[in-house]
Amino acid sequence: MTACRSLVTQQQQETQQLTANAEAAARVRHLRLHLLADAEIPKIGTSRKQALSARSIFTAADIEEHLILKIPGFGPALTSNLLAWKAEIVQQFRFDRIAALSPAEQLSLIGRLRTR
């Protein structure tokens, strides 16, 4: 009986871990859908977007403060504009916990626990 309770607890913990990983992956996918080329960001025009793309910065997911600050011509003000745009995109993200785990992931977890 104790072993069964332990398996239930383990299933809950592993499900939580899978869901947490799924949320992080979904957030990154959401950020990758937002292209810098299509964005309207204050003081970030075509030439600055080209400078970013030359350094493999194409989407909101690619924007990292330490990377932007290394680009010539991008100081704290422009970097702040890019980070603000990324923050707006992150705020638009909505995670669907119900759809977080695929049926295959759920079956895999249940299968592993049944063998124990």
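**Exercise 1.** Determine how the span of helix H4 in this predicted model compares with the expected span, and where its buried residues lie around the axis.

*Solution.* Helix H4 covers residues 76-92, which is 17 residues, and the distance from its first C-alpha to its last is 24 Å, close to the 24 Å expected at 1.5 Å a residue. The next step is to list the buried positions of H4, which are Leu 78, Thr 79, Leu 82, Trp 85, Lys 86 and Ile 89. Seen down the axis of H4, these buried residues fall within an arc of 125°, so they line one face of the helix. In general, an α-helix has 3.6 residues a turn, so residues three or four places apart point the same way. On the other side of H4, Pro 76, Ala 77 and Gln 91 are exposed.

**Exercise 2.** Classify the accessibility of Asn 81 and identify what its side chain meets.

*Solution.* Asn 81, which is found in helix H4, has a relative accessibility of 21% and therefore counts as partly exposed, since buried would require a value under 20%. Leaving aside neighbours within four places in sequence, Asn 81 is in contact with Ile 41, Pro 42 and Lys 43. A polar atom of the Asn 81 side chain lies 2.8 Å from the backbone oxygen of Pro 42. The C-alpha atoms of Asn 81 and Lys 43 are separated by 7.9 Å, although these residues are 38 residues apart along the chain.

Key. Residues numbered from 1 in each chain as written. Predicted model: local features only at pLDDT ≥ 70, side-chain atom pairs only at ≥ 80, totals over all residues. Heavy atoms only, no water. Helix = DSSP H or I, 4+ residues; strand = E, 2+ residues; numbered from the N terminus. Expected span 1.5 Å × (residues − 1). Buried < 20%, exposed > 50% of the residue type's maximum accessible area, 1.4 Å probe, protein only. Arc of directions from axis to C-beta. Contact = heavy atoms within 4.5 Å. Polar contact = N/O pair within 3.5 Å; in protein donor to acceptor, adjacent residues only side chain to side chain.
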